[in-house]
Amino acid sequence: MTLDTTTRQRIIDAVNAGFEAQLAFTADMVRFDSTRGNEAAMQDFMARSLRERGYEVDHWKIEVDDIKDLPGFSPVEFVSYEQAYNVVGTRHPKENKGRSLIINGHIDVVPPCDADRWTTPPFEPRIANGRMYGRGAGDMKSGLAAGIFAIEALKAAGLAPAAPVYIQSVVEEECTGNGTLACVQRGYKADGALVPEPFGAEIMRAQIGLMWLCIDIEGDPQHASAAFQHVGANALEKAIHIWPYIKRLEAEWNARKENHRVYKDHPHPIRVNLGKFSGGDWVSSVPAKARMEVRLSILEGEDLATIRGEILARVAEAVAADPYLVSHPPKVTFHGFQAEGYVLEPGSDIEAVMGQAHEAVFGEPVQTSISSALTDARFFGLYQNTPSIVYGPTCGLPHGIDEYVDLESLKQVTRAYALFIADWCGVEPV
């Protein structure tokens with residue numbers, strides 16, 4: 001449906017009137033340290049908040065056995081799912097006349113890096129200079145709150161979606177995507193999906209695939225003074241020997257973009273990042289163990305099994321060049337992300353409706369972008385044949401120190417969400 005000018009303005013006014021409450025709710029979300037393994041308390045809060053707003057709430061513990069055989073599953077070798085809970089709030093219309101919608105956002109956040117270097121503590125939200133600072137303020141608690149408050153604005157304007165809406169508050173987005181996969185396994189499906197990730201008020205056309213890799217190396221521990229006798233093998237030094245072979249994949253895989261239908265004009269879509277490096281337990285001892293954990297991005301359309309084979313081939317090259325490693329080969333584990341890329345094909349209805357909502361708010365056509373990051377949008381597009389759109393506020397310093405969300409962008413995007421939901425789902429009187 002197309003909203004008339006009066007209704008559209010009424011909805012925008014309702015967003016404006018509710019924005020202070022939206023910011024207070026977002027700040028409450030940021031106060032939760034919902035790093036991996038610590039999400040349960042935040043999900044209790046989300047379940048309670050949705051129930052208070054009239055949603056039918058499904059709050060459950062994710063069981064790995066339920067999802068491990070599904071397409072898109074990422075293995076979890078080193079972590080517990082004892083605190084891995086999802087929440088889905090469902091709002092049913094009086095009469096189903098429109099198109100159903102999933103609004104999917106993650107409440108898990110990455111660690112704050114060096115908390116002492118933040119201007120204020122990372123889980124104490126701070127508003128200054130038109131921004132809200134705090135870990136997760138941008139990525140992506142503000143986006144999920146915006147989806148919730150867009151529907152609250154419709155309610156304040158005397159309207160409600162005329163089709164089912166599912167608010168999915170998920171975990172595991174920052175490491176596997178298994179939280180959203182658990183929603184798929186649970187049977188949640190809609191005519192369209194909105195993922196309010198904070199890449200700005202533009203439509204993400206494409207996102208890369210992603211893989212995590214762990215390499216464990218065993219050394220030969222000795223007293224450090226024995227090194228001049230060539231006794232012992234330093235596990236950390238052996239890891240340093242292996243790393244350039246892995247890093248070389250970045251240049252090789254970026255060279256493939258020349259033939260890619262979407263990424264050929266992207267300056268550098270593939271990143272190979274040494275995210276964690278550890279080993280040793282005493283300065284005067286030759287380290288007995290070392291571990292490297294690596295994030296590797298993958299062009300959309302690449303076969304994951306083939307990629308794993310290429311990685312193993314590079315490790316084998318490194319091993320062959322070191323006599324100690326030949327007899328003591330490292331252990332390679334693919335854990336965490338094993339994710340395919342996703343493209344929102346041009347011409348979809350959901351893109352057109354979001355484009356109209358954007359233009360009504362911003363006064364100009366919406367732009368599209370391609371990303372070297374990954375979102376949970378892939379689950380809907382790849383495994384449910386559901387068009388999934390990524391469009392959100394502007395986040396500064398995601399995963400960095402003093403992460404923030406720009407508040408003007410957040411207000412504008414909430415307006416666009418409200419108009420989009422009203423148009424996509426249709427509306428009925430409250």
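I started with the lining of the largest pocket: 18 nonpolar, nine polar and 11 charged residues. For these classes I counted Ala, Val, Leu, Ile, Met, Phe, Trp, Tyr, Cys and Pro as nonpolar, Asp, Glu, Lys and Arg as charged, and the others, Gly among them, as polar.

The model is predicted: local features need pLDDT of at least 70 and side-chain atom pairs 80 or more, while totals for chains, interfaces and linings use all residues. Numbering runs from 1 along each chain as its sequence is written, and side-chain values use heavy atoms, without hydrogens and water.

A pocket here is an open set of points on a 1 Å grid over the protein atoms alone, where a 1.4 Å probe fits, with protein on both sides within 12 Å along at least five of seven lines; lining residues have an atom within 4 Å of a point. I noted 38 lining residues; Val 110, Glu 174, Trp 212, Phe 337 and His 399 lie nearest the centre. Strands 10 (209-218), 11 (272-279) and 12 (289-298) each supply at least two of the lining residues. Strands are DSSP runs of E, at least two residues, numbered from the N terminus.

Four strands form an open, antiparallel one, ordered 4-5-19-18. Strand 4 (126-128) and strand 18 (395-396) are at the edges with a single partner each, so one side of each lacks a neighbour in the sheet. Pairing takes at least two DSSP bridges. Strand 18 has two bridges to strand 19 (404-406). I found Gly 396 opposite Tyr 404 of strand 19.
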